[in-house]
Amino acid sequence: MHTLTTERLTLRPWTDDDVDFALDLYSRWDVVQFLGTEPRAMTDREEAVERVARFRGADDSLHGVWLATRRTSGERLGTLLLKQIPASGPVLPLEPSGETEIGWHMHPDSWGHGYATEAAGQVLEHAFAGGLERVVAVTNPRNTASQRVALRIGMEHLGQSDRFYNATCELFLAERPAD
């Protein structure tokens, strides 16, 4: 997986040394309350080990799950992802939709500094540089903070949709800029 950088951030692959941060991040209700159709806070370190292993396995040179850190200090800030998004459907596990999703899960200590917008903008640039023509983002309808990030990185709000995850979400779209 490519390490990505911005003026203030490094987006790098997750490592085993990041497990405790994953547990801290995903055990917080204020972080996970909008994730999935039945949100649940992580409760033990073994879950964090499994999550980090899944994140590490999501890499295919274009898609991946990055750990966002401060360039100057290495402080861990949150998760950025670029992955295949599953289509809604009657059979589990859900089938791929053919669309690529961008997403972000930031630690509360990093909220309000523009890190999610900066990191997501870089991941979106990476997606288009890698050949993707379009990228979607979906948010829980109540997650207005993530909706603002999607708009700040230039995504268009398409309204509510039930096309993904068997859930009603706010749908955002970014299309590759013309050369």
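Me: Which residue of β4 does Leu67 stand opposite?
Reply: The model is predicted, so local features need pLDDT of at least 70 and side-chain atom pairs count only at pLDDT 80 or more, while totals for chains, interfaces and linings use all residues. Residues are numbered from 1 along each chain as its sequence is written, and side-chain values use heavy atoms, with hydrogens and water left out. Six bridges join β3 to strand β4 (residues 76–86), and the two run antiparallel; strands pair if DSSP finds at least two bridges between them, and helices (H or I, at least four residues) and strands (E, at least two) are DSSP runs numbered from the N terminus. Within β4, the residue opposite Leu67 is Thr79.

Me: Which residue of the turn between β3 and β4 has a positive phi?
Reply: β3 and β4 form a hairpin, with five residues between them. In that turn a positive phi of about 80 degrees belongs to Gly74.

Me: Which residue in β3 does Pro13 stand opposite?
Reply: Strand β2 (residues 9–13) is joined to β3 by five bridges, and these strands run antiparallel. Pro13 has as its opposite residue in β3 Trp66.

Me: How many residues of β3 are buried?
Reply: A residue is buried at under 20% relative accessible area, exposed at over 50% and partly exposed in between (1.4 Å probe, protein chains only). Strand β3 (residues 64–70) is largely enclosed by the rest of the structure, because the buried residues among its seven number six.

Me: How many of the 11 residues of β5 are buried?
Reply: β5 (96–106) is one of the elements that cover the buried residues of α1. The strand itself is mostly covered, and its buried residues number eight.

Me: Within what arc do the buried residues of α1 fall?
Reply: In helix α1 (residues 19–26), the buried residues are Val19, Phe21, Ala22, Leu25 and Tyr26. Seen down the helix axis they line one face, because the arc, taken from the directions from the helix axis to the C-beta atoms, is 160 degrees.

Me: At roughly what angle do the axes of α1 and α3 cross?
Reply: Axes are lines fitted to C-alpha atoms, for helices over the stretch in contact, and angles run from 0 to 180 degrees between N-to-C directions. The axes of α1 and α3 come within 8 Å and cross at roughly 105 degrees. That makes α1 roughly perpendicular to α3, since angles under 35 degrees count as roughly parallel, over 145 as roughly antiparallel, 65 to 115 as roughly perpendicular and the rest as oblique. The crossing angle asked for is roughly 105 degrees.

Me: How many nonpolar residues has the contact of α1 with α3?
Reply: Contact means heavy atoms within 4.5 Å. Ala, Val, Leu, Ile, Met, Phe, Trp, Tyr, Cys and Pro count as nonpolar, Asp, Glu, Lys and Arg as charged, and the others, Gly among them, as polar. By class, the contact of α1 with α3 has three charged residues and no polar ones, and its nonpolar residues number eight.

Me: Within what arc do the buried residues of α5 fall?
Reply: The buried residues of helix α5 (residues 144–152) are Ser146, Gln147, Val149 and Ala150. Seen down the axis of α5 they line one face of the helix, because their arc is 155 degrees.

Me: Which residue is joined to Leu92 by a cis peptide bond?
Reply: The bond has an omega of about 0 degrees.

Me: What is the relative accessible area of Ser61?
Reply: Ser61 lies in the loop between α3 and β3. Its phi is near 80 degrees, a positive value in a residue other than glycine. Ser61 is partly exposed, with a relative accessible area of 46%.

Me: Is Thr43 buried or exposed?
Reply: Thr43 is placed in the loop between α2 and α3. At 60% relative accessibility, Thr43 counts as exposed.
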